[in-house]
Amino acid sequence: MGKQTLYDKLWEQHVVHSEDDGTSLIYIDRHLVHEVTSPQAFEGLHIAGRKPWRTGSMLAVPDHNVPTTTDGAGIDDPVSRLQVDTLDQNCNHFGITEFNMADPRQGIVHVIGPEQGATLPGMTIVCGDSHTSTHGAFGALAFGIGTSEVEHVMATQCLIQRKSKNMRIWIEGELRHGVSAKDIVLAVIGEIGTAGGTGYAIEFAGPVIRELSMESRMTICNMTIEAGARAGLIAVDQTTIDYLEGRPFAPTGDTWKNAVEAWRSLTSDDDAHFDHEIKIEASTILPQVTWGTSPEMVTDIEGYVPDPNDYEDPTISIGIARALEYMGLEAGTAIRDIKPELVFIGSCTNSRIEDLREAADVVRGRRVAPSIKQALVVPGSGLVKRQAEAEGLHQIFIDAGFEWRNPGCSMCLAMNADRLKPGERCASTSNRNFEGRQGQGGRTHLVSPSIAAASAIAGHFTSAEDL
Amino acid sequence: MDAFTVLDGLVAPLDRANVDTDAIIPKQFLKSIKRTGFGPNLFDEWRYMDQGEPGRDNSGRPLNPDFVLNQSRYEGASILLARENFGCGSSREHAPWALFDYGFRCIIAPSFADIFFNNCFKNAILPVVLNENIVDDLFIRVFKQPGFMLKVDLSAQTVEFADGEKARFEVEAFRKHCLLNGLDDIGLTLEKAEVIKLYEKRRQIEAPWLFDPVA
Ligand code: SF4
């Protein structure tokens, strides 16, 4: 057998059937479900008189619409409430495991899958959510799907797919102090663009990746979709295995041992062929801040807002001009002179315990600048919240003037009550800075947790070292 | 699903790159538990001057006169001409649902985001990739010529201009077959139920932990 990439191996293990034109039926091991993209799929099953093929493969959780205020009042908005209630009803009806709003394990779907050990190496994992790429950090083939495909997986445990091409992003050298996984992935997107990964599965590899914790690896794979690739991947190593051992849904006993043995082969063979390879020297990466309305519109903390006139291609130049207008920014402004009015620390990109520790380290003993109208910390899950409270992180945030919230997607996409008003500027640890993403007319700057925290304290973009 | 065979349609130009799914259908409309009714909120933030809310009557809302779909010459358009990386962002199928509900049956662009591209085929919308020069040329023609129409023939895989010129596009055989015949792929896959069960049997021996139920 020829040399294979990690993606080739995962693909091959899951092909149930292939057509002559390369269209394949692939088997899905894990199906994560949330309230926004599932109701129409469940409805489709009901109408056709079908049942889920294997309910044991499914784990459901409401996250996008849930309120994060801690008063326990429930969902105010009747439309949001109906969507969450519909998920509860569908899960009850079909016997699907759900962490409902009252469950202490509830949280953002991409945080709880790994946290529970429901995400395992070697799996195919899907969810009606593009940030399913997160789970690729475990050497799993994980990608987002639309609602029709959600229904297809429910009904058949399979998906009709074509194989993607292989890309490898190799990161070597030394990471600078204060540079995190978020900066790495934003720098990658800045380099290859938001469509650079279209049609590819991207494997992140190299000595820098090997040194990263699982949570950092998840941050990187999470934003692979922002580079256009549906799936991001990182090979299994001891870090992966140590993270999973003892998690509630991880195998135990002899099965664990056998599983670990199988998982160790989930790496790309030496000399495996990649259709596209990129090398990045880690020491060239500084903390990143986006200035525009697409994640590729990014520079570093020492950088400046670009001038549309410097670009010859009219599509690019018009795109920049439009973004600057929307963002209310002048060409040539130093990133450090931009003043956010809100700060959001949360989302499936950066709401895990290490993210909260990173931010708390910066905030400890300091106060949020008076110019900041609101600073939110929204843990990724009930268990992350509990852990943070056990470590006293919540008190550090509260003392500094942050609001300490309940878990959910929150201001990442503003489907619940947490949102920007028109014109408001936010330093956000989330993953998308599209127009209106955090509220109509809202202006988003994507940053790492430590930059978000430091900027909250300073009242303008800055890094922790410069406080 | 509706079949797609030949479409003779009016073309509307959306001259922006990287049009994302948040722009196609803003998130507040994702709270609906239905598949239909998204058309009036397609491109909501660009189309109206105020903020739209689900369940609200859209007929009296102030329109943004600068937005292309509000110009009377594009009324009734069924083909959307777009720029590169159309449909990037989230996996929300509400995006093709909204486009379909509005009346679009075909989108022509130099490139599409993967998930969106896939979602179109599941919803009787044909996404057509044409090279950038052709797309540029089409934009010029649409802007110049009110009432500019194109004929999109899926079976022949061509886009035909009124003067008989044709551009060919690629489409995967399986997707073409499903779209031409309006086939529901769940039904097709279930015809292979036995093959799926055999696969499961084999994998249960190779990797039994994959079958531990989440409970
Ligand atoms: S946190 Fe944001 S990106 Fe992640 S699943 Fe929720 S809405 Fe999507």
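**View 1. His31(A) is bridged to Met58(A) in strand β4 of chain A.** Strand β3, residues 30-33 of chain A, runs parallel to strand β4, residues 58-60 of chain A, and the two pair over 3 bridges. Helices (H or I, at least four residues) and strands (E, at least two) are DSSP runs numbered from the N terminus, and two strands pair if DSSP finds at least two bridges between them. The model is predicted: local features need pLDDT of at least 70, side-chain atom pairs count only at pLDDT 80 or more, and totals for chains, interfaces and linings use all residues. Residues are numbered from 1 along each chain as its sequence is written, chains are lettered from A and ligands numbered from 1 in the order in which they are written, and side-chain values use heavy atoms, with hydrogens and water left out.

**View 2. Chain A holds an open sheet of 5 strands.** The strand order is β5-β4-β3-β6-β7, with parallel pairing. At the edges stand β5 (97-98) and β7 (141-144) of chain A; each has a single partner strand, so one side of each lacks a neighbour in the sheet.

**View 3. Helix α8 of chain A, residues 214-222, is mostly covered.** Of its 9 residues, 9 are buried, that is, under 20% relative accessible area, where exposed means over 50% and partly exposed lies in between (1.4 Å probe, protein chains only). Among them are Met214(A), Arg217(A), Ile220(A) and Asn222(A).

**View 4. Chain A and chain B bury about 5900 Å² between them.** Buried area is the accessible area (1.4 Å probe) that two parts lose on being put together, summed over both. Carbon and sulfur atoms account for 56% of this area. Gln40(A), Trp53(A) and Gln440(A) supply 12% of the area that chain A buries against chain B, more than any other three residues. In all, 81 residues of chain A are in contact (heavy atoms within 4.5 Å) with 60 residues of chain B.

View 5. A salt bridge is a side-chain nitrogen of Lys or Arg within 4 Å of a carboxyl oxygen of Asp or Glu, and the rule finds 8 of them between chain A and chain B. Helix α5 (residues 147-156) of chain A contributes 7 residues to the side of chain A that touches chain B, the largest share.

**View 6. Chain B has 8 helices and 7 strands.** Of its 215 residues, 57% count as buried.
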